Amino acid sequence: NAGVMQNPRHLVRRRGQEARLRCSPMKGHSHVYWYRQLPEEGLKFMVYLQKENIIDESGMPKERFSAEFPKEGPSILRIQQVVRGDSAAYFCASSPRNTGNSGNTIYFGEGSWLTVV
Amino acid sequence: DQQVKQNSPSLSVQEGRISILNCDYTNSMFDYFLWYKKYPAEGPTFLISISSIKDKNEDGRFTVFLNKSAKHLSLHIVPSQPGDSAVYFCAASATGGDKYIFGTGTRLKVLA
């Protein structure tokens, strides 16, 4: 998976707690995408970010979810007050430029599996 | 609104035979398409892509065909190997757009 690093790989949270998932893009990549895969479902787009800028968050739930990609450090997907329905695999992907330039491939990390108990 | 559809949730193929995975899309603005393979508990791995200016792209055992008029693409794997058993996702994007839309995946099982 070409160097996109996600951590933690597995995270267990009780209902009501906060979950923070981190993603470091491939070297040289300045664009980060977060996708979610619920059990037995496909990959659903959540949010697309550049450094210090959210480009598209149309797939993010309106409440409890937020994402950032600071100037320094990894991108963070934050889920507040988790509920059982948040249990899923969260995948981060990165690209060197935005998908508006046709021909741009995105590369995924290994994923973070969140379990809410 | 599912803009990218993979209507076959699963497919079984004998080792050595051809595997054909299909994908349909509804948005005529899509002009770049990718296929990913995903094993359980791992992230999707990029396989092959195709631009709308082409109708075929080949890479080793993998070939992707694009039929723009039908808004249909397919991934051919030949010969199929047991290690190809995985879930395959197609994805599409539009120039000027900012995200890839993924299909729901097709689980391929290659039987030895």
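User: Which strands each supply at least two residues of the lining of the largest pocket?

Analyst: They are β9 (88-95) of chain A, and β9 (86-94) and β11 (106-111) of chain B. Strands here are DSSP runs (E, at least two residues), numbered from the N terminus. The model is predicted, so local features need pLDDT of at least 70 and side-chain atom pairs 80 or more, while totals for chains, interfaces and linings use all residues. Residues are numbered from 1 along each chain as its sequence is written, chains are lettered from A in the order written, and side-chain values use heavy atoms, without hydrogens and water.

User: Which residues lie nearest the centre of the largest pocket?

Analyst: A:Gln37, A:Glu40, A:Glu41, B:Val87 and B:Arg107, from a lining of 23 residues. A lining residue has an atom within 4 Å of a pocket point. β9(B) gives the largest share of the lining, 3 residues.

User: Why is the pair A:Asp56 and B:Lys99 called a salt bridge?

Analyst: The term requires a side-chain nitrogen of Lys or Arg within 4 Å of a carboxyl oxygen of Asp or Glu. The N to O distance between A:Asp56 and B:Lys99 is 2.9 Å, so the pair qualifies. The count between chain A and chain B is 1 salt bridge.

User: How many residues of each chain are in contact across the interface?

Analyst: 27 residues of chain A are in contact with 25 of chain B, where contact means heavy atoms within 4.5 Å.

Terms used: 1 Å grid on protein atoms, 1.4 Å probe; cavity = no way out; pocket = protein on both sides within 12 Å on 5 of 7 lines; lining within 4 Å. Helix = DSSP H or I, 4+ residues; strand = E, 2+ residues; numbered from the N terminus.
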